[in-house]
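I opened this notebook to record what I looked up in one structure. The entries follow the display below.

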Amino acid sequence: MLDEIQDIPDWSRTVKGLWDQDQATGSPLRVVVMGSAPLQLLVGLGERLVGRFLPLPVSHWSLPEMVRAFDCSMDQYLFFGGYPAGAERWDNEYDWRSYIEDGIIQRNVERDILSLTRVDKPALLANLLELGSFYSGQILAYNKMLGQLQDAGNTTTLARYLALLSGAGLLAGLSKYSSKAHRQRASSPKLNVLNTALMTASSGYTFEEAKADRSFWGRIVETAVGAHLHNTRSPGVRLYYWRHNGLEVDFVLARGPRLTAIEVKTGLRRGALSGMEEFTRRFKPTRTEVVGTGGIALHEFLSEPASYWLEEEG
């Protein structure tokens, strides 16, 4: 078992050579290589280990994992997120915020992205993550992003940088669901940080201030649902949003012919489920779910992986 394998230069060549040698001599070895950054492992694999490995991604800690380890409340999980090393800092929010901004955001951007792939505008990448954290849970057209970012280049650059941030487990840009693939690719992304701590740490809110701001807390809840669905997807499961003529569905899960439409209701957001009704009329989803008020309890929803909500009710 080899941990932090990415710190060894050209590690995949060495591992492959030793593996082939052991196979030739009949050594019954099972080899596990681990790294703290998914992008580093993917880049290191190259073509040398194709067909010789089984990837086992490890994402952000879930609600049940954080509860078992730290006995945290739902509100604590929503605000402080699923970073176990940050739990010991919850009593000192200044220390916790510094840990997220320096120990998580800056370190992941520099270690997982800038050191591994060509990024012509590193400041733009960092600014895009900051923008995404501010607008998490909201749909933002690429052209509007260009207007808010300095030296933003073009929409192609932004789309690539957003994909890099998603690969590093920081920020995803969800596409609009459509039965036609080309319309999905051309849609404005719905920004969603993949751990709510990225949103709250940069907001300036304290824990108590965030809970008191009903609108902001509602966005945290919706972001937590989106992050959970993204982080727990199994292969073949895709995550979207849907919007048409002012009607919207927060999240759409898709796997083959199966569709699940998901709406998040915190009790603080008004409005009927007209978006869900229109989506159902158009696409005939396998399943529809309301998370929160009038539907599945939030803690129950966050305790099951995305694929669970694609199964037929019964």
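The entries below go from the whole chain to single pairs of side chains.

**Basis.** I worked from a predicted model, in which local features need pLDDT of at least 70 and side-chain atom pairs count only at pLDDT 80 or more, while totals for chains, interfaces and linings use all residues. I numbered residues from 1 along each chain as its sequence is written, and side-chain values use heavy atoms, with hydrogens and water left out.

**Overall form.** I found 14 helices and six strands in the chain; helices (H or I, at least four residues) and strands (E, at least two) are DSSP runs, numbered from the N terminus. The radius of gyration is 21 Å, close to the 20 Å of the globule rule for 314 residues, so the chain is as compact as a globular protein of that length. This radius is taken over C-alpha atoms, and the rule is 2.2 Å times the number of residues to the power 0.38.

**Salt bridges.** I noted 12 salt bridges in the structure, each a side-chain nitrogen of Lys or Arg within 4 Å of a carboxyl oxygen of Asp or Glu.

**A pair at the surface.** D120 and R118 form a salt bridge at 2.7 Å, N to O. D120 is exposed at 56% relative accessibility, and R118 is exposed at 64% (buried means under 20% relative accessible area, exposed over 50%, partly exposed in between; 1.4 Å probe, protein chains only).

**A buried pair.** E222 and K190 form a salt bridge at 2.7 Å, N to O. I saw that the pair links distant parts of the chain, 32 residues apart: E222 lies in helix 12 (residues 214-231) and K190 in strand 2 (residues 190-193). E222 is buried at 7%, and K190 is buried at 0%.
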